[in-house]
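Here is a short report on one protein model.

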Amino acid sequence: MQPISLKGVVEKGHGFGKKFGAPTANFDVGIARTAGLEPGLYLCTVRFADARYEGMLYFGINSRTNEDCLEVYLRHFSGELVGRELAVTTMRFIREPRFFKSLGELQAQIQKDLHNVGWVG
């Protein structure tokens, strides 16, 4: 997989991720479409304000809203990002998008994803 770079301003989301400990920065999905990003979950790097973070980028259906979404989780980051411009570069494809029937299913998959990239034991 060739890395794909995206740049965009973080928009206010619904806050679902924050409610269960996995806050994400949300972008307009048009950014992913313009860049030719295929739907899925990706390991990525995120840059802003002279800082670099590891992250996971998701492009696909949001199981809570039933709408397409583009969002990134930044590892070891806490703070507010709405209105800030982030540069995201995909590093590795992790999995296809999935639709989750419950919040519990989504939370379990997030833990699997974190384990699969080596971020949790």
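Phe-48 and Tyr-53 are both buried. The model is predicted.

**Aromatic pairs**

The protein holds 5 aromatic pairs. In one of them, the rings of Tyr-42 and Phe-93 sit at a plane angle of 80°, so this pair is edge-to-face. Tyr-42 belongs to strand 3 and Phe-93 to strand 6, so the contact ties together parts 51 residues apart in sequence.

Phe-48 and Tyr-53 make a stacked pair. Together with Phe-77 they form one aromatic cluster. The geometry of the two pairs is set out here.

| Pair | Centre to centre | Angle between planes | Class |
|---|---|---|---|
| Tyr-42 and Phe-93 | 5.3 Å | 80° | edge-to-face |
| Phe-48 and Tyr-53 | 5.7 Å | 15° | stacked |

**Helix 3**

Helix 3 covers residues 103–116. Which residues of helix 3 are buried? They are Leu-106, Gln-109, Ile-110, Asp-113 and Leu-114. These residues cover an arc of only 140° around the axis, which puts them on the same side of helix 3. Their cover includes strand 3 (40–48), strand 4 (51–62), strand 5 (67–74) and strand 6 (85–95). After helix 3 comes Gly-118, with a positive phi near 85°.

**Strand pairing**

With strand 4 the pairing is antiparallel and runs over 8 bridges. Phe-59 has Leu-70 of strand 5 as its bridge partner. The hairpin of strand 4 and strand 5 has 4 residues between the strands. In that hairpin, Asn-66 takes a positive phi near 65°. Strand 2 (residues 25–27) is also antiparallel to strand 5, joined by 3 bridges. There, Asn-26 has Glu-71 of strand 5 as its bridge partner.

**The loop residue Val-82**

Val-82 lies in the loop between strand 5 and strand 6. Is Val-82 buried or partly exposed? At 43% relative accessibility, Val-82 counts as partly exposed. Setting aside neighbours within four places in sequence, Val-82 is in contact with Val-10, Glu-11 and Lys-12. Met-56 is 26 residues away from Val-82 along the chain, and their C-alpha atoms are separated by 17 Å.

**The whole protein**

The protein has 3 helices and 6 strands. From the N terminus on, their order is β-α-β-α-β-β-β-β-α. How does the overall size fit the chain length? For 121 residues, a compact globule would have a radius of gyration near 14 Å; the protein has 13 Å, which agrees. Along the principal axes, the C-alpha atoms fill a box of roughly 35 × 30 × 30 Å. Of the 121 residues, 39% count as buried. Among contacts with a separation of 6 or more, 68% join residues 24 or more positions apart. The Tyr-42 and Phe-93 pair, at 51 residues apart in sequence, ties strand 3 to strand 6.

Definitions and conventions
Residues numbered from 1 in each chain as written. Predicted model: local features only at pLDDT ≥ 70, side-chain atom pairs only at ≥ 80, totals over all residues. Heavy atoms only, no water. Helix = DSSP H or I, 4+ residues; strand = E, 2+ residues; numbered from the N terminus. Expected span 1.5 Å × (residues − 1). Buried < 20%, exposed > 50% of the residue type's maximum accessible area, 1.4 Å probe, protein only. Arc of directions from axis to C-beta. Contact = heavy atoms within 4.5 Å. Phe/Tyr/Trp six-rings, centres within 6.5 Å; stacked < 30°, edge-to-face > 60°. Pairing = 2+ DSSP bridges. Rg over C-alpha atoms; globule rule 2.2 N^0.38 Å.
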